[in-house]
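Please look over the sequence and the 3D structure below before reading the briefing. The notes after it are grouped by topic.

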Amino acid sequence: MTRTVVVTGAGSGIGRAIATTLAQRDWRVIVTDVDDAAAREVASGLPNQSAGHESAALDVTSPDAAAAVASDIAGRFGLDAWVSNAGISFMHRFLDAPIERYEQTLDVNLKGVFVCGQAAAREMVRSGVAGAIVNTASMAGKQGRVPYLADYVASKFGVVGLTQAMAYELGEHNITVNCVCPGFVETPMQSRELTWEAELRGTTPEGVRAMMIDDTPLGRLEQPDDVARAVAFLLSEDARFITGEALAVNGGAYMD
Ligand SMILES: NC(=O)c1ccc[n+]([C@@H]2O[C@H](COP(=O)([O-])OP(=O)(O)OC[C@H]3O[C@@H](n4cnc5c(N)ncnc54)[C@H](O)[C@@H]3O)[C@@H](O)[C@H]2O)c1
């Protein structure tokens with residue numbers, strides 16, 4: 001039986017790689033993103049098209065929209081897994097950070113995980129599915145020693161805590177909830193951050209990139225695939241007794 005997974009923020013970067021890896025591993029993937037065109041493009045390019053991949057526009061901050069996607073997929077295919085991956089970042093010195101940015105970041109990165117996790121879990125419980133939920137946190141969800149990203153750090157610490165709280169309550173329904181904590185991943189988000197950080201530090205994007213590699217014992221920038229394979233593991237039968245975990249996937253850039 002083909003299992004079905006919804007991935008949020010799957011129109012780019014890490015989400016796109018998660019969708020691709022899961023499609024390669026025989027999942028039917030529902031590619032969602034606030035950017036509908038990007039979601040459609042990713043879904044149509046996934047491997048193993050006979051699995052019946054689909055796309056849907058989904059803004060993760062909308063409880064109604066998340067509930068509609070979860071119930072539609074649960075009704076037609078059964079909802080086996082949900083990956084809450086959508087996230088945003090802005091860089092400011094803490095002293096200069098506008099409150100609107102804090103609100104936007106917390107809304108997408110933390111409220112989005114709450115909203116989508118609740119929508120997914122309600123359908124899994126209703127249909128008695130022993131489901132799996134994976135959230136994309138960050139190594140910035142485990143240490144605040146990260147420059148110019150105070151709101152982002154707060155949101156990702158929140159995701160790690162929320163993952164544990166969800167795992168605790170959903171255990172009795174045989175639903176696992178885990179998160180991955182990536183490091184310096186080469187994606188469009190990172191390329192925006194390289195430019196901002198270079199400006200804030202008075203250096204070049206190449207200089208910041210070199211610092212990231214220097215900070216990574218495995219000696220290279222992380223690739224979206226590195227994260228995607230860890231997510232595939234957390235959704236696999238091999239991880240069936242793992243829940244509430246915040247799995248570091250960062251080449252050693254932060255060890256806890
Ligand atoms: N790139 C990194 O170094 C890194 C490191 C650790 C964690 N992360 C996390 O990984 C996740 C993916 O990041 P990425 O680097 O692939 O970024 P990205 O910008 O390449 O992709 C993020 C995707 O999320 C979508 N998105 C934004 N707001 C949304 C919303 N409200 N609803 C639905 N979708 C929305 C965007 O349209 C985009 O397609 C994020 O949660 C990010 O915080 C990234």
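Predicted model: local features only at pLDDT ≥ 70, side-chain atom pairs only at ≥ 80, totals over all residues.

Residues are numbered from 1 along each chain as its sequence is written, and side-chain values use heavy atoms, with hydrogens and water left out.

**Overall fold**

- The chain has eight helices and seven strands; helices (H or I, at least four residues) and strands (E, at least two) are DSSP runs, numbered from the N terminus.
- The radius of gyration, taken over C-alpha atoms, is 17 Å, close to the 18 Å that the globule rule gives for 256 residues, so the chain is as compact as a globular protein of that length. The globule rule is 2.2 Å times the number of residues to the power 0.38.
- Along the principal axes, the C-alpha atoms fill a box of roughly 55 × 35 × 35 Å.
- Of the 256 residues, 51% count as buried. Buried means under 20% relative accessible area, exposed over 50%, and partly exposed in between (1.4 Å probe, protein chains only).
- Among contacts (heavy atoms within 4.5 Å) between residues at least 6 apart in sequence, 70% join residues at least 24 apart.

**Helix H8**

- Helix H8 spans residues 224-234, and eight of its eleven residues are buried, so the helix is largely enclosed by the rest of the structure.
- The buried residues are Pro224, Asp226, Val227, Ala228, Ala230, Val231, Ala232 and Leu234.
- These buried residues pack against helix H1 (13-24) and against strands S4 (81-84), S5 (132-136), S6 (176-182) and S7 (246-249).

**Thr163**

- Thr163 lies in helix H5 (residues 150-170) and counts as buried, at 0% relative accessibility.
- Leaving out residues up to four places away in sequence, Thr163 touches Asn135, Val177, Asn178, Cys179, Gly244 and Glu245.

**Cysteines**

- A search of the whole structure finds zero disulfides, a disulfide being a pair of cysteine sulfur atoms within 2.5 Å.
- Cys181 is in no disulfide, and the nearest cysteine sulfur, that of Cys179, is 4.5 Å away.
- The sulfur of Cys116 is 15 Å from the closest cysteine sulfur, in Cys179, which is too far for a bond.
- Cys116 is buried, with a relative accessible area of 1%, and Cys181 also counts as buried, at 1% relative accessibility.
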